[in-house]
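Me: Hi! Could you walk me through the model I'm about to paste? I'd like to start with the aromatic rings.

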Amino acid sequence: MIGLLGGTFDPIHFGHLRIALEVADALDLEQVRFIPNRVPPHRRQPLASGAERLAMIQSAIQGEPRFVADDRELRQEQTSYTVHTLQALHQEFPHQSWAFIIGADAFLQLTSWYEWQTLFDLTHFIVVGRPGYALTTSETTWFQPYLVDSLADLTKHTVGKVLVLNIQGLDISATQLRNLIARGQSPRYLTPDAVWSMIQTQQLYKSKV
Ligand code: ATP
Ligand code: MG
């Protein structure tokens with residue numbers, strides 16, 4: 001099974017890297033692919049370009065052989081929806097099964113994603129905790145039909161299941177890093193030194209937030 005971690009990664013930080021590693025270990029994934037989004041024109045734009053966000057991912061994952069930077073959404077002319085990305089991955093790796101890793105904050109928004117129900121024909125979802133977001137509210141009933149209790153139950157199916165793992169998530173966000181840098185403070189120890197070096201060299205996140 002291959003893990004997928006989609007996001008803006010503006011910039012990548014230890015919160016992303018820890019959930020990727022912890023899920024890879026828990027599920028014995030052969031790979032986790034980091035897929036930076038191309039943000040649609042009507043949404044708030046990332047402060048770093050696609051190329052810069054990709055370069056930061058590449059430097060952050062260096063030395064972890066299971067981690068791969070996948071730039072397929074950045075290479076698209078238009079906004080690529082997750083459903084299309086998953087379809088392309090199925091074509092490229094026809095015999096794989098997929099574990100889409102997602103934080104609780106993003107998972108709670110899943111029903112607003114383009115063709116969200118079709119996603120369950122293409123992948124499993126592995127939900128991890130995110131400080132400040134709880135899954136135990138009444139808004140969570142929509143995913144009960146997809147929910148499994150254990151990894152053993154998940155692997156009985158090739159797609160379409162939701163496994164909530166007991167992984168807390170670090171209290172780190174890209175917003176927090178951007179705010180620190182814009183205030184002239186250091187984001188060191190929240191992201192790999194290689195990423196912080198790149199941010200300084202390219203003078204990213206210095207002004208606008
Ligand atoms: P921003 O503050 O700009 O929204 P972010 O830190 O939330 O950035 P994203 O690129 O939006 O990072 O997140 C991509 C994916 O990683 C989402 O599924 C999100 O839930 C998850 N994620 C990011 N940071 C964490 C964290 N600290 N703990 C758990 N999940 C996280
Ligand atoms: Mg986010």
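**Aromatic rings and a helix face**

Reply: Happy to! One aromatic cluster is formed by Phe100, Phe107, Trp113, Trp116, Phe120, Phe125, Trp142, Phe143 and Tyr146. This is a predicted model, where local features need pLDDT of at least 70, side-chain atom pairs count only at pLDDT 80 or more, and totals for chains, interfaces and linings use all residues. Residues are numbered from 1 along each chain as its sequence is written, and side-chain values use heavy atoms, with hydrogens and water left out.

Me: How many aromatic pairs does a search of the whole structure find?

Reply: The search finds 14. Rings of Phe, Tyr and Trp (its six-membered ring) pair if their centres lie within 6.5 Å; planes under 30 degrees apart are stacked, over 60 edge-to-face, the rest tilted. Phe100 and Phe125 make a tilted pair, 5.4 Å centre to centre with 55° between the planes.

Me: Where do phenylalanine 100 and phenylalanine 125 sit in the chain?

Reply: Phe100 is in strand S4 (residues 98-103) and Phe125 in strand S5 (residues 124-128), 25 residues apart. Strands (E, at least two residues) and helices (H or I, at least four) are DSSP runs, numbered from the N terminus.

Me: Is phenylalanine 125 buried or exposed?

Reply: Buried (under 20% relative accessible area, 1.4 Å probe, protein chains only; exposed is over 50%, partly exposed in between). Phe125 has 0%, and Phe100, at 6%, is buried too.

Me: Switching to helix H9: which residues are buried?

Reply: In H9 (residues 193-202), they are Val195, Trp196 and Ile199. Down the axis of H9 they fall within an arc of 100° (directions from the axis to the C-beta atoms), so they line one face.

Note on methods: Chains lettered and ligands numbered in written order.
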